[in-house]
Amino acid sequence: MTFEGLDFYALDDELREDERLVRDNVRRFVEAEVMPIISRHYQDGTFPMHLIPKFAEMGMLGANIKGYGCAGLGEVAYGLIMQELERGDSGVRSFCSVQGSLCMHPIYAFGSEDQKQKWLPKMAKGEVIGCFGLTEPDFGSNPSGMITKAERLPGGGFRINGRKRWITNGNIAQLAIIWAKLDGVIRGFLVPTSTKGFTAQKIEDKFSLRASVTSELILEDVEVGEDAILPNVQGLKGPLSCLTQARSGIAFGVIGAAMSCYETALDYAKNRVQFSRPIAGYQLVQQKLVHMVNEITKAQLMALRLMRLKEQKKMTPVQVSLAKRNNVFHALEIARMAREILGGNGIMFEYPIARHMLNLETVYTYEGTHDIHTLIIGQHITGIAAFE
Ligand code: TGC
Ligand code: FAD
């Protein structure tokens with residue numbers, strides 16, 4: 001079975017057979033396992049935990065990591081997985097991108113061999129869930145100001161104190177990657193969430209990413225051993241380079257949400273008759289549909305090129321910022337336009353559009369807000385930083 005879909009510039013021809021296979025398998029999985037249940041989870045504010053072993057079975061946890069029980073797929077295949085998951089729901093994509101790009105990646109890139117052997121195979125199997133603690137209540141866009149602090153213990157090991165806020169998977173994680181200052185320098189720590197002094201509090205009452213667990217982490221005199229510190233990175237570039245991984249996946253992922261909105265709106269517009277004909281026959285509706293096709297096609301080109309550059313080890317963080325900024329902005333715009341095309345029905349749970357639209361409000365803000373990415377690109381092209 002092959003899938004029809006929005007592919008205005010025949011980008012399927014640019015994909016390898018194995019990449020198309022991965023995409024089609026994940027799309028089939030999302031249609032069979034995610035679509036039927038996701039609206040219920042969204043309404044209830046719960047994450048579909050039963051899907052975790054299935055994500056693992058399909059090699060979607062740390063999919064682009066080589067060895068340690070991971071699938072070792074290429075970056076385009078990884079991006080296509082994110083796209084298909086986010087066609088279902090941004091929260092489902094978030095679970096997999098946090099596990100792979102934000103939690104497994106730092107262990108893989110900056111961990112000791114012992115740390116990799118200890119954690120990665122279990123994380124690939126979904127037996128250990130990770131969360132990534134960078135943001136704090138008072139330090140979101142500016143993580144360099146973080147106040148979470150680690151101190152050396154006289155007998156070896158570390159004591160960590162601080163708070164992390166907005167942490168995806170916090171309450172369901174067994175392992176937290178905590179970024180904290182040790183002697184004033186940001187370091188990464190692998191903290192089992194069962195450690196004394198570690199608490200996770202679920203953040204309730206969200207309008208957005210309701211099918212995703214978001215938490216506040218509180219660390220009060222949490223003591224970990226010498227083997228908890230990631231030995232091979234120091235400074236903000238540690239967490240920021242994890243964000244580069246996840247942001248590139250998000251640039252691909254949101255195309256899935258945009259396609260879901262476009263396809264729903266097109267189908268609806270062809271069938272909904274007002275005045276003398278289907279609303280798809282009115283110029284103003286066609287203009288919206290054309291804008292969606294236009295922006296999805298541009299997003300596909302950016303995402304594919306970005307991931308090809310990543311495969312060639314040529315991708316730069318500012319290129320990632322451009323793609324994250326553009327693709328999330330237009331995915332959100334498309335969701336809003338699609339909502340409009342559905343009229344009153346656009347606000348109903350029966351259709352995926354409002355759920356995508358509200359999810360994308362978060363995606364627009366996390367992993368660097370739209371405006372922070374503007375400033376990153378602005379700094380690159382002018383040579384002048386405008387953050388402070
Ligand atoms: P700055 O002086 O620019 O950089 C400090 C060091 O880091 C290096 N660097 C990077 N390295 C790798 N990848 C990147 N993207 C990098 N950006 C910078 C840089 O070269 C430097 O290295 P070195 O060797 O000279 O020390 O740092 P700054 O303090 O001026 O900050 C710049 C700024 C504002 C762009 C940065 O702080 C930023 O990106 N802020 C946004 C914060 C953010 O994105 N938070 C995300 C939290 S995680 C999350 O949202 C997960 S949601 C997950 C989900 O559910 O899917
Ligand atoms: P602020 O930084 O306070 O920004 C508020 C506004 O001010 C924004 O519009 C911003 O663009 C603007 N602004 C800030 N600085 C400037 C400036 N210099 N110039 C111009 N405008 C500026 N974090 C994690 O560490 N791990 C996670 O797993 C995680 N998951 C998340 C899940 C959800 C559902 C959400 C909502 C967030 C998550 N985050 C996570 C946190 C996320 O990365 C932050 O929310 C984001 O970085 C923005 O920080 P803030 O919310 O504190 O906003």
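The model is a predicted one, with local features needing pLDDT of at least 70 and side-chain atom pairs counted only at pLDDT 80 or more, while totals for chains, interfaces and linings use all residues. Residues are numbered from 1 along each chain as its sequence is written, chains are lettered from A and ligands numbered from 1 in the order in which they are written, and side-chain values use heavy atoms, with hydrogens and water left out.

On its own, ligand 2 exposes 980 Å², and the protein buries 68% of that (areas by the Shrake-Rupley method with a 1.4 Å probe).

Around ligand 2 there are 18 residues, of which Thr 135, Ser 141, Trp 166, Thr 168 and Thr 369 come nearest; to count, a residue needs a heavy atom within 4 Å. By class, this shell has 8 nonpolar, 8 polar and 2 charged residues (nonpolar being Ala, Val, Leu, Ile, Met, Phe, Trp, Tyr, Cys and Pro, charged being Asp, Glu, Lys and Arg, and polar the others, Gly among them). Strand E3 (158-168), helix H9 (353-365) and helix H10 (370-382) each supply at least two residues, and E3 gives the most, with 3 residues. Helices (H or I, at least four residues) and strands (E, at least two) are DSSP runs, numbered from the N terminus.

What about the cysteines? The whole structure has 0 disulfides, a disulfide being a pair of cysteine sulfur atoms within 2.5 Å. For Cys 70, the nearest cysteine sulfur is that of Cys 96, 13 Å away. Cys 70 counts as buried because its relative accessibility is 13%, where buried means under 20% relative accessible area, exposed over 50%, and partly exposed in between (1.4 Å probe, protein chains only). Cys 103 is in no disulfide either, with the sulfur of Cys 131 nearest at 6.2 Å; Cys 103 is buried too, at 0%.

Lys 66, finally, is found in the loop between helix H2 (52-57) and helix H3 (75-88). Leaving aside residues up to four places away in sequence, Lys 66 touches Gly 72, Leu 73 and Tyr 108 (heavy atoms within 4.5 Å).
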